[in-house]
Amino acid sequence: MAANPMTQFDVYRIGPEIKLGALDISFTNASLFMIISTVAILIIFNLGSKKNSLLPNKIQLLAELSYTFVSKMISDTAGSKAKPYFAFIFSLFMFVLFCNMFGMIPYTFTVTSHIIVTFVLASFIFIGVTVIGFIKHGFGYLKLFVPSGVPAVLLPLIVVIEIISYLSRPVSLSVRLFANMMAGHTMMKVFGGFVISLGIVGGWLPLSFSVALTGLEILVAFLQAYVFAILTCIYLNDALNLHH
Amino acid sequence: MIKKIYFQSIFFSFLFCVEAFAAESGGMPQLNPEFWISQIFWLTLTFGVLYVVLSKLILPKISNNLESRKSQILENIEAAEKQREDSEKKLKEYEEIISKSKLEAKNIFNHAREKALKDINAKREVLDGQIDEEISKAEQEISTLRESAPDKINTIAIETSSELIQKLIGADVNNSSISAIVDDLSKRNGDKYYGN
């Protein structure tokens, strides 16, 4: 591996170049890890839902615990109205979690460390939430930008701020995940490089750092998936229950 | 809200820092648009497949499993509750039977006791009557004996004293004079001898 800590984020083509019209949709290492994550999720949850035993086995327990975890998260933040969107938020949470976690295995590629991936996910959410809001409330959804109980003098300013904060949601959502993933992986790579360059004498300190960072990064991987999902729930809550 | 904006501004500044860093080190792979379309395509494809399969096939099954487990547990709890009530009822019945039979046993015991007491009293009365009769008979005999005793003693005393006098002085003594003396003595000392 190269000394540059950014080379781990390189996307390269696997197999031949595939073109759809003028667009390059070649199969890359990023596509590979998206497929691996998807297949892993599907296998685990398929195994976990196959048998309906009264006393669940380990994999069934895992599937059911994740189900109740996400379902509780949604009902806590967005209420019972958000039930139809459960499957979307569940897939979102699982996809981000598995991509993050697969990224923690050495020599793998972290799908979520790419701004385009997280931005597309965040845009899905942003567009979806906006459409849901307008379908549910019509133009009344624009009241979201006019918080109640604000003095009339401040209102123009507040409305502008609200609109900016609303429009920056997809950016903040995507950058949060992307930056966390990238920063963590870069840091681990840098410490790994220190281990090599300091050798057998001085390498132990960065190695111990690296071990600690691995633990931290696993925590971050889970936490960022959770934050991503819970922010989606909060945005959905804004769209479903319009009160500020 | 201000907090939110503050955090967002931090993230924006971080993004700019990253860009500056990328510009210095000759480019971040993330900002190279060469494979963006490919990534968007594959992301949409994989996430779409994931969403469809999870929402149509897997999640309904899991929710079904959870529901059926919940309902089964509820049913079991209900059945257990019912059985508990049944057993409580049976326990009450059993206790009633026990207390009833205890009462009966007490009654029977009391009856038997009364009967036995009555028998004993009747027998005792009969026996008491017999005993009283015998006692009164014996007392009568005793009193007749006692009544006749001083006369007999007097005759015996007269006879023995006349015989004694005959033997001692060899002369016949008039029986009537002896009897007068004996009578006089017995009258004087009767109290001492008979304890009357």
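**Close-up 1. Packing of α1(A) against α2(B) in the predicted model.** The two helices pack at an angle of about 5 degrees, with their axes 10 Å apart (axes are lines fitted to C-alpha atoms over the stretch in contact, and angles run from 0 to 180 degrees between N-to-C directions). α1(A) and α2(B) are therefore roughly parallel (angles under 35 degrees). By class, their contact has 14 nonpolar, eight polar and one charged residues (Ala, Val, Leu, Ile, Met, Phe, Trp, Tyr, Cys and Pro count as nonpolar, Asp, Glu, Lys and Arg as charged, the others, Gly among them, as polar).

**Close-up 2. The side of chain A that touches chain B.** In this interface, 42 residues of chain A are in contact with 37 residues of chain B (C-beta atoms, placed from the backbone, within 7 Å). α1(A) gives the largest share of the chain A side, 10 residues. That side comprises 26 nonpolar, 12 polar and four charged residues.

**Close-up 3. The buried face of helix α2(A).** Buried here are Gln60(A), Ala63(A), Tyr67(A), Val70(A), Ile74(A) and Ala78(A) (buried: 20 or more other C-beta atoms within 10 Å of the residue's own; exposed: 12 or fewer; C-beta atoms placed from the backbone). Seen down the axis of α2(A), these residues fall within an arc of 110 degrees, so they line one face of the helix (the arc is that of the directions from the helix axis to the C-beta atoms). The face turned away carries the exposed residues Lys58(A), Leu61(A), Leu65(A), Lys72(A) and Asp76(A).

Helices are DSSP runs (H or I, at least four residues), numbered from the N terminus. Residues are numbered from 1 along each chain as its sequence is written, and chains are lettered from A and ligands numbered from 1 in the order in which they are written. In this predicted model, local features need pLDDT of at least 70 and side-chain atom pairs count only at pLDDT 80 or more, whereas totals for chains, interfaces and linings use all residues.

Conventions:
Angles under 35 degrees count as roughly parallel, over 145 as roughly antiparallel, 65 to 115 as roughly perpendicular and the rest as oblique. Two residues are in contact if their C-beta atoms, placed from the backbone, lie within 7 Å.
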